[in-house]
Amino acid sequence: TSECDIFLEYIVFQIYRNTLKNKTKQMKFIVSSSYLLKQLQVLGNVINSSNTLPILDNFLFDLDHNVLTVSASDLETTMSATLEIDSESKGSVAVPAKLLLEILKTFPEQPLTFTVEENNTIEISSNSGKYAVAYAPSDEFPKSVNLDDPSVTLVPADVLATAISKTIFAAGNDDLRPVMSGVFFQFSPQGLIFVATDAHKLVKYARTDVTASQVADFIMPKKPLNILKNILGTSDAEIKIEYNDSNAAFSFDNYVLMCRLIDGKYPNYEAVIPKENPNKLMIDRSQFLSSVRRVAIFSNKTTHQIRLKIAGAELNVSAEDIDYSNKAEERLTCDYQGDDMQIGYNSRFLTEMLTNLQSDMIMLEMSLPNRAGILTPVDGLEEGETVTMLVMPVMLNS
């Protein structure tokens, strides 16, 4: 009797397996070539150029009748897009990302038919031909993380895009200090704060017009933030941010981006922002930026040091490379209140900060030549928006 039961179970198992196999074989859908390409190009930013797991070189296609969910992952970051397509079948396969993107780029706008064949290939039919692409089993693809008991905050797309672009350039690249390689998100009922620093420069972007229901903070890695920055600029959606101690998810339009957060405690950034800065320099941003860029060409290629000499209503910007006898000096008019002083800055850091401000006029507040200077925009800010940039001085050559 037991042998008969085992045999019956085996028959049932084979029928079940063949049913699943046939479902996959029957997987078929029709989609616009340009619509699919646009979605896949966004998701393709998640995929690394070299992966330790071959399955990560693929897009996961998960079909449920008229809804196709396409996902890409590098284990740390997973992003999916939900597409409306024409289909009556269900199934999932992993399709080579690079090959699929290359073929889609060559098509003019037209409907494409994707059919999963019995010989482990997915056939793409266009107006002009047929193309077979080998696929991988979908069960090898990493499963998406479920957020346990997440906190939720809603942020307008333009606010988040601005916050990322204003801060991400200041984040560090030091693997030994991973917490400083991301952007610090600080949410509270009083507002939202975004901070990035690499110990040489620091940017704090704050909004009081957008708030969270409870106090929370986490450190976002740069890669998912760059992906978000590139697509949020064209969106007018409200971003739903869900987060817990280890992961965060960003949901908007037809996308969901999930990423692992950077583990660790962020430095006390408020402690390094000097509070008393009696020397205040106000100057035209574009004029100052152009001067710094020109003069920096003549600076030492190792230190990139430029010297600011301020007296009365005159700002003197100079640089010198003693090794090659290169030297430059420019005079600018400014509005200055404070003691006459000389201070040195790394021209690259100063240029980055001035470039990331959009105001006509900027304020540089200083205390002593060995203390950090604070750079803020004088105009061009929205209600409830503040930008504070801190740049560390360099020791002047005598």
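Visitor: What hand does the crossing of helices H2 and H3 have?

Guide: H2 and H3 cross in a left-handed way. Keep in mind that this is a predicted model.

Visitor: Which residues of H2 and H3 meet?

Guide: On the H2 side they are Ser33, Leu36, Leu37, Leu40 and Gln41, and on the H3 side Leu100, Leu101, Leu104 and Lys105. By type, the residues of this contact are six nonpolar, two polar and one charged.

Visitor: At what angle do the axes of H2 and H3 cross?

Guide: The axes of H2 and H3 (residues 97–106) cross at roughly 140° and come within 10 Å. That angle makes H2 oblique to H3.

Visitor: What is the angle between helices H6 and H7?

Guide: H6 (residues 285–296) and H7 (residues 347–355) pack at about 155°, and their axes are 10 Å apart. Angles over 145 degrees count as roughly antiparallel. H6 and H7 are therefore roughly antiparallel to each other. The contact is formed by Arg285, Phe288, Leu289, Val292, Arg293 and Ala296 from H6, with Ser347, Leu350, Thr351, Leu354 and Thr355 from H7. Six of these residues are nonpolar, three polar and two charged. The crossing of H6 and H7 is left-handed.

Visitor: Where do the axes of H4 and H5 stand to each other?

Guide: The axes of H4 (residues 157–167) and H5 (residues 222–232) come within 9 Å and cross at roughly 130°. H4 is therefore oblique to H5. The crossing in which H4 passes H5 is left-handed. Ala157, Leu160, Ala161, Ile164 and Ser165 of H4 meet Leu225, Leu228, Lys229 and Leu232 of H5. Seven residues of the contact of H4 with H5 are nonpolar, one is polar and one is charged.

Visitor: Now the strands. What is the order in the sheet of nine strands?

Guide: Strands of a sheet pair through backbone hydrogen bonds, in a parallel or an antiparallel sense. In this open sheet the pairing is antiparallel, and the order is S9-S5-S2-S3-S4-S17-S16-S15-S10.

Visitor: Which strands stand at the edges?

Guide: They are S9 (136–137) and S10 (151–156). Each has a single partner strand, so one side of each is left without a neighbour in the sheet.

Visitor: How many bridges join S4 to S17?

Guide: Five bridges join S4 (residues 77–84) to S17 (residues 255–260), and the two strands run antiparallel. Opposite threonine 77 is cysteine 259 in S17.

Visitor: Which strands does H2 touch?

Guide: H2 (residues 33–44) packs on the sheet and touches S2 (58–64), S3 (67–73), S4 and S17. The direction of H2 makes about 170° with that of S4. H4 packs on the sheet too, touching S10, S15 (238–243) and S16 (247–252). The direction of H4 makes about 90° with that of S10.

Visitor: Which strands form a hairpin with two residues between them?

Guide: S19 and S20 form that hairpin, and glycine 312 in the turn has a positive phi of about 65°. Five bridges pair S19 with S20 (residues 314–321) in the antiparallel sense. Lysine 309 stands opposite asparagine 316 in S20. S19 (residues 305–311) also pairs with S23 (residues 341–346), antiparallel over six bridges. There, arginine 307 has glycine 344 of S23 as its bridge partner.

Visitor: Where is the pLDDT below 50?

Guide: The protein averages a pLDDT of 93, and 93% of the residues score at least 70. The pLDDT is below 50 over residues 20–25. Beyond near neighbours in sequence, that stretch has six contacts in the model.

Note on methods:
Residues are numbered from 1 along each chain as its sequence is written. This is a predicted model: local features need pLDDT of at least 70, side-chain atom pairs count only at pLDDT 80 or more; totals for chains, interfaces and linings use all residues. Side-chain values use heavy atoms; hydrogens and water are left out. Axes are lines fitted to C-alpha atoms, for helices over the stretch in contact, and angles run from 0 to 180 degrees between N-to-C directions. Helices (H or I, at least four residues) and strands (E, at least two) are DSSP runs, numbered from the N terminus. Angles under 35 degrees count as roughly parallel, over 145 as roughly antiparallel, 65 to 115 as roughly perpendicular and the rest as oblique. A crossing is left-handed if the near helix is turned anticlockwise from the far one by less than a right angle, and right-handed if clockwise. Contact means heavy atoms within 4.5 Å. Ala, Val, Leu, Ile, Met, Phe, Trp, Tyr, Cys and Pro count as nonpolar, Asp, Glu, Lys and Arg as charged, and the others, Gly among them, as polar. pLDDT is the predictor's confidence in each residue, from 0 to 100. Two strands pair if DSSP finds at least two bridges between them.
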